[in-house]
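I opened my notebook beside this structure and looked up a handful of things. Here are my entries, in the order I made them.

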Amino acid sequence: MTHSPTEPRQIVHWADGAALTGSPTGWSDVTNPATGEVTGRLALASDADAAEVIAAAARAAEGWGRTSLARRTQVMFAFRELLNSRKDELAEIITAEHGKVHSDAMGEIARGLEVVEFACGMSHLLKGGHSEEASTGVDVHSKRVPLGVVGIISPFNFPAMVPMWFFPLAIAAGNTVVLKPSEKDPSAANWLAALWQEAGLPDGVFNVLHGDKTAVDALLTSPDVQSISFVGSTPIAEYVYETASRHGKRVQALGGAKNHMVVLPDADLDLAADSAVNAGYGSAGERCMAISVLVAVDPVGDDLVARIADRTRTLLVGDGAPGATGDEKEADMGPLVTRAHRDKVSSFIDSGERAGAKVVVDGRDVQARGGQEGFWLGPTLFDDVTPDMEIYTEEIFGPVLSVVRVGSYEEAVALVNANPYGNGTAVFTNDGGAARRFEADVQVGMIGVNVPVPVPVAYYSFGGWKRSLFGDTHAHGTEGVHFFTRGKVVTTRWIDPANRPAGGLELGFPRND
Ligand code: NAD
């Protein structure tokens, strides 16, 4: 990806295997968060553009849905090989538009690749059941068939991995895709589209529609789109769920989070402190599985906060592109995604301070290794946070870790369960019995035991509870396969001349015998 620093690139849609500019309602700036430079101008789809991209997917749906499993599998493997061999290129694109450091971008791609690898086994996952002689002379078999056109709407924080939670399964199962990426970091989607073409995917099977609410609404309401997979903030997830359901689609809409990490008194405090720093400040806290609340059960608070603070002060904040810090060491943490988001997160720090929380490490003072106009904010550690404070009640989505102190295990669990979100949580302890109890007691979808970011492997499913998920189907794993297919059950009677059924008229409801 080359561009002149003074000439932002135009970033446009991808339909039918080619770039499509269409007739945009406007152009939105794409920035490099480490420099503040505008690097791209993104076409925002009009209704007509959305209709054109959806029509491309609809035209390709029948042919791809009837393509043999063998051929589909070959394309999946080709895509996997290409992505694996060129992942550095994609990581650079992610860092340049999102801001996360290169190694973190590589981690994101690795987790997306896992889903591609899982989807390479789709032939096995789509096998149906067969019952011979279910009734006299009657056999029954079941199968899963593709839906047709599926829509995927993704957030800024994982421009490659989150789309890859869905599209490998959707495509391997025989669907065609319209992906609407975040307008903040849209280039990864176009790169992936070109890679699919190189892997031999027929034109029209994977399409990219760029834009804002107009593009989203077109997907939610189009009669040609059969399902919506959404990931983003809770208010938009709820809107997407309601609107798309009203238009007859199946919907999985994953929302926001406020993930608590509970540290029990017998925990390994060095492991807990390392984990809190990694999970609190990795990707500048812009992860739906980030730890944003650390619940310290008495008496570990003082010791734990000191260990976390020591580690936090060593973090290098800077431009995450390889070699960009001018140092041997890569930055640990990059900038925030936009200036507006940096300012919003910074204002949460002001709010926490005003509310009386103790600022142990203040990210507002950061000295970052990067452009002067970069969207910098350093890691911030609050102690003595209480559940009535805004920094506790809101999803901050930045590098701000709040420590809440409680007196007992029961108080810790009550805090986790009182939260309206239920995405992820973790317990740190060396007591197997306590961990087992925690696993049973918490009302959360993904739980870590001495694992701070318990993102399930691709063959399990990813999803939260409560206001972290609208709809009942989680992403990837067998739930993902189920989401992107619908069932058919076929009941068959072949006439065997040696054993002909009696026939005759019988208007009663058919019974099996
Ligand atoms: P967002 O909700 O602002 O945007 C998500 C998508 O919705 C984008 O494609 C955006 O263009 C679109 N969108 C935004 N406003 C819209 C509107 N008014 N109408 C229709 N569409 C609209 O989210 P974000 O800021 O890109 O991402 C961060 C959020 O995503 C956080 O809340 C985070 O917790 C959440 N997230 C959740 C998960 C999960 O698995 N639960 C994973 C990643 C991110």
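I began with A284, which I found in the loop between α10 (269-281) and β14. (Helices are DSSP runs of H or I with at least four residues, strands are E runs of at least two, and both are numbered from the N terminus.) I noted that phi of A284 is near 55 degrees, a positive value in a residue other than glycine. Is A284 buried or exposed? A284 counts as buried because it has 35 C-beta neighbours inside 10 Å. (A residue is buried with 20 or more other C-beta atoms within 10 Å of its own, exposed with 12 or fewer, and partly exposed in between; C-beta atoms are placed from the backbone.)

A reminder to myself: this is a predicted model, where local features need pLDDT of at least 70, side-chain atom pairs count only at pLDDT 80 or more, and totals for chains, interfaces and linings use all residues. Residues are numbered from 1 along each chain as its sequence is written.

**Another positive phi**

I looked up E133 next, which is not a glycine but has a positive phi of about 55 degrees. E133 sits in strand β6 (residues 130-135). E133 is exposed, because 9 other C-beta atoms lie within 10 Å.

I then followed β6 to its sheet. Three strands form an open, antiparallel sheet in the order β6-β7-β23. Strands β6 and β23 (485-493) stand at the edges with a single partner strand each, so one side of each has no neighbour in the sheet. The twist from one strand to the next averages 30 degrees (axes are lines fitted to C-alpha atoms, for helices over the stretch in contact, and angles run from 0 to 180 degrees between N-to-C directions). Three bridges join β6 to β7 (residues 138-146); two strands pair if DSSP finds at least two bridges between them. I also saw that H130 stands opposite H141 in β7.

**Helix α12**

How many residues does α12 have? Helix α12 (residues 339-355) has 17 residues and reaches 24 Å from its first C-alpha to its last, close to the 24 Å expected at 1.5 Å a residue (the expected span is 1.5 Å times one less than the number of residues). I listed its buried residues as H341, R342, V345, F348, I349 and G352. They are on the same side of α12 because they cover an arc of only 115 degrees around the axis, taken from the directions from the helix axis to the C-beta atoms. The face turned away from that buried side carries the exposed residues A340, D343, S347, D350 and R354.

What do the buried residues of α12 pack against? I found β16 (380-383), α13 (390-393) and β17 (400-406). Just after α12, G356 takes a positive phi of about 105 degrees.

I found A257 in the loop between β12 (250-254) and β13 (259-263). A257 counts as buried because it has 28 C-beta neighbours inside 10 Å. Leaving aside neighbours within four places in sequence, A257 is in contact with several residues, including C288, E395 and Y421 (contact: C-beta atoms, placed from the backbone, within 7 Å).

A cis peptide bond joins D298 and P299, with omega about 10 degrees.

**Whole chain**

Conventions:
Two residues are in contact if their C-beta atoms, placed from the backbone, lie within 7 Å.
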